[in-house]
Amino acid sequence: MTRSDQPFALYEKIKQSVVRDIESGKLNPDDKVLSETKLAKNFNASRMTANRALKELTEEGRIVRIQGVGTFVAWPKPDAALLEIKSIAKEIADWGGVHSSQILVLKEEKITKKIAQKMNLKPDDTIFHSIIVHKDRGVPVQYSERFINPEVAPHYISQDFKKITPSDYLLSVAPIQEAEHIIEAVNSNNQIQKYLRIQPDEPCLSLKRRTWSYDMVATYSIIISPGSRYKLVGKFMRG
């Protein structure tokens, strides 16, 4: 073994140790994983080497790192519906989690030119705007920003979205005729990183969705999820 090979071997050794603890049941979902400092000390390694091991385990979905809180064993990454539109609360319940939400914005406002173009509305029209962070057992799994056409859901901003999700409410009042999805891998901005409690280099999934109802654009949504905590699965069958 050459001198340059040693850091990589040590990094792998730390990683394999954590994986063994998870697969043996020594560490269970939500259990705290040793910090970079403690792992580095236990393996006589640098913090950079320990950080590299934890970073890759995060990318593989084995662990979740919450800024300012610690590192925890991840629950098996859930399959979220792509072609089917359903409530995030139901998705979380389906994978055995407990849903809660943090409402950041819920108001009526003047539409911007960019959003007006997305929704086929005029720049001086008003729009309903919401931003909600959805959590599983207190851990943020989704940042959801929605713009809603008041014509299709006139009572949107009077709803209690701690008791019902926007998707549940919108599906009940505005049956979907058509939907468009655009999915990208993105790096989130500082504000979204703060709300999702993720590191600056954490890769995220971005889902931009438009829905149509009553022959008009009903909603335009921007949904950001940490790649280590969420995945999208689509299934299509020919009729």
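Which side chain meets that of E36 in a salt bridge? In this predicted model, the partner is R47, and the two side chains come to 3.3 Å, taken from N to O.

## The chain as a whole

The protein chain is built with 7 helices and 10 strands. Of its 239 residues, 44% count as buried. When contacts with a separation of 6 or more are considered, 63% of them in the protein chain are made by residues 24 or more positions apart.

## Salt bridges

Side chains of opposite charge can pair when their charged atoms come close. A search of the whole structure finds 11 salt bridges, and three of these pairs are described here.

The salt bridge between E36 and R47 links distant parts of the chain, since E36 belongs to helix α2 and R47 to helix α3 (residues 47-59), 11 residues apart. E36 has a relative accessible area of 14% and is therefore buried, because buried means under 20%. R47, at 52% relative accessibility, counts as exposed, because the cut-off for that class is over 50%.

Another salt bridge joins the side chains of R210 and E180, at 3.0 Å from N to O. This pair also links distant parts of the chain, with R210 in strand β8 and E180 in strand β7, 30 residues apart. R210 is buried, with a relative accessible area of 16%, whereas E180 is partly exposed, with a value of 30%.

The side chains of R137 and D30 meet in a salt bridge as well, at 3.9 Å from N to O. Here the partners are 107 residues apart, with R137 in the loop between β5 and β6, and D30 in the loop between α1 (6-24) and α2 (36-42). R137 is partly exposed, at a relative accessible area of 28%, and D30, at 38% relative accessibility, also counts as partly exposed. Salt bridges that share partners join D30, D136 and R137 into one network.

## Nonpolar cores

Which residues have the most contacts inside the largest nonpolar core? They are M119, Y143 and I224, in a core of 19 residues. The elements that give two or more residues to this core are α5 (113-119), β5 (126-136), β6, α7, β8 and β9, and β9 gives the most, with 4 residues.

The surroundings of I224 can be described in more detail. Leaving aside its neighbours within four places in sequence, I224 is in contact with V141, Q142, Y143, V186, S188, I192, L196, C204, L205 and S206.

Rolling a probe the size of a water molecule over the atoms shows where empty space is left. In the second largest pocket, that space comes to about 210 Å³. The pocket is lined by 13 residues, of which Y143, N189, I192, I222 and I224 are the closest to its centre.

Several elements contribute to the lining: β6 (139-148), β7 (178-186), α7 (190-196), β8 (204-213) and β9 (216-226) each supply at least two residues. Sorted by class, the lining of this pocket has 5 nonpolar, 5 polar and 3 charged residues.

Definitions and conventions. Residues are numbered from 1 along each chain as its sequence is written. This is a predicted model: local features need pLDDT of at least 70, side-chain atom pairs count only at pLDDT 80 or more; totals for chains, interfaces and linings use all residues. Side-chain values use heavy atoms; hydrogens and water are left out. On a 1 Å grid over the protein atoms alone, a cavity is a set of points where a 1.4 Å probe fits but cannot get out, and a pocket is an open set with protein on both sides within 12 Å along at least five of seven lines; lining residues have an atom within 4 Å of a point. Grid points are joined across faces, edges and corners, and a volume is the space filled by probe spheres set on the points. Ala, Val, Leu, Ile, Met, Phe, Trp, Tyr, Cys and Pro count as nonpolar, Asp, Glu, Lys and Arg as charged, and the others, Gly among them, as polar. A nonpolar core is a set of buried Ala, Val, Leu, Ile, Met, Phe, Trp, Tyr and Cys residues joined through side-chain atoms within 4.5 Å. Buried means under 20% relative accessible area, exposed over 50%, partly exposed in between (1.4 Å probe, protein chains only). Contact means heavy atoms within 4.5 Å. A salt bridge is a side-chain nitrogen of Lys or Arg within 4 Å of a carboxyl oxygen of Asp or Glu.
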